[in-house]
Amino acid sequence: ASRLAVTRLDFEQPEEAQPSGALFEVEAPFPPSGDQASAISQLVERLQGGSRYQVLRGATGTGKTFVMAHTIAKLGKPTMVLCHNKTLAAQLARELKSYLPTAAVELFVSYYNYYRPESYHVQSDTYLKKVASINKELDAMRHRATKALIERDDVVIVASVSCIYGIGLPKEYVERSVQIRRDMVMGVEPLIETLQADLFYEEKTAPREDPKSGGYLIEDGDSQSLQHFGRGSYATAQAADHSDV
């Protein structure tokens, strides 16, 4: 049977190594000042003491996000931050990432650019079908956030209420995935069968066809190669010498 060796992996964003030592490490050009240090210590003490609800109040520009970053780092637990809209979620994710650069700070929001549910107007006897536009970049970010939750502990997910619905059961999500690593050798037929039957990938026929998510391309030349286009990732595998298998 034909074998392929993974020779190249390209990601929209590089995978980050988990930090050594503390699970979260805050990086900032300044230490907590004013009431920030007191707020951090009180939040951590009360949360560690079993209090489920705490409120942090402060005017705009007083460093609430900075306090949150330190609180997350001291608690050392995977964290979800809920926001009421996409704009605020994206802004908060950028700020938290700047304070926690070695952690997996990911964004999980609705992938719709526009969504109008189907409806029926009785007075005019009018039926309007559902109309939706999906943002593929946001869709890829949702999968990146889910992947981080599965693989890492130093995770901060900044999400909108879209996270209530999720993207499926964790067990099923893991089972319907293919682990691809650099220098990995795999069988061609089993890989293609998995891509088609389990992940519903489509085979591309033209080498110059737009490498959209959910497709793969097999090229035959001096050596057979397979290109796989995942959500936010791109992998190339070349034919492997049987002596290396």
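Start with Y127 and E118. Show both side chains: a polar contact of 2.8 Å joins them. Keep in mind throughout that this is a predicted model.

**Stop 1: around Y127**

Colour strand β6, residues 126-128; Y127 lies in it. Now select what Y127 touches. Leaving aside neighbours within four places in sequence, Y127 is in contact with E118, S119 and Y120.

Move on to Y120. It is found in strand β5, residues 119-121. Is Y120 buried, exposed or partly exposed? Its relative accessibility is 48%, so Y120 counts as partly exposed.

Y120, V122 and Y127 make a nonpolar surface patch of about 370 Å².

**Stop 2: the salt bridges**

How many salt bridges does a search of the whole structure find? The search finds three. Visit them in turn.

Select R144 and E106. They form a salt bridge, with the closest N and O atoms 3.1 Å apart. This pair links distant parts of the chain. R144 is in helix α4 (residues 136-151), E106 is in strand β3 (residues 104-108), and 38 residues separate them. Both R144 and E106 are buried.

Stay on helix α4 and select E151 and K147. Here is another salt bridge, and its closest N and O atoms are 3.0 Å apart. Why are E151 and K147 about one helical turn apart? Because they are four residues apart in helix α4. E151 has 42% relative accessibility, so it counts as partly exposed. K147 is also partly exposed, with a relative accessible area of 31%.

Now select R152 and D154. Their side chains meet in a salt bridge at 2.8 Å, N to O. Both R152 and D154 are buried.

**Stop 3**

Keep R152 selected. Where is it found? R152 sits in the loop between α4 and β8. At 11% relative accessibility, R152 counts as buried, because the cut-off for buried is under 20%.

The side chain of R152 reaches the backbone oxygen of T102 at 3.2 Å.

**Stop 4: the nonpolar cores**

Hide the surface. Select F24, L96, L100, V105, L107, V156 and V158. Of the 21 residues in the largest nonpolar core, these touch the most other members. Colour by element next: α2 (64-75), α3 (86-99), β3 and β8 (155-159) each supply at least two residues of this core. Which element gives the largest share? That is α3, with six residues. As background, nonpolar side chains in soluble globular proteins tend to be buried together.

Zoom in on L100 and select its contacts. Not counting residues up to four places away in sequence, L100 touches F24, E25, V26, A69, I72, V105 and V156.

Technical notes
Residues numbered from 1 in each chain as written. Predicted model: local features only at pLDDT ≥ 70, side-chain atom pairs only at ≥ 80, totals over all residues. Heavy atoms only, no water. Salt bridge = Lys/Arg side-chain N within 4 Å of Asp/Glu carboxyl O. Buried < 20%, exposed > 50% of the residue type's maximum accessible area, 1.4 Å probe, protein only. Core = buried A, V, L, I, M, F, W, Y, C linked by side-chain atoms within 4.5 Å. Contact = heavy atoms within 4.5 Å. Polar contact = N/O pair within 3.5 Å; in protein donor to acceptor, adjacent residues only side chain to side chain. Patch = residues over 30% accessible without salt bridge, like charges linked within 9 Å, V, L, I, M, F, W, Y side chains within 5 Å. Areas by Shrake-Rupley, 256 points an atom, 1.4 Å probe, with all protein chains shown as cover.
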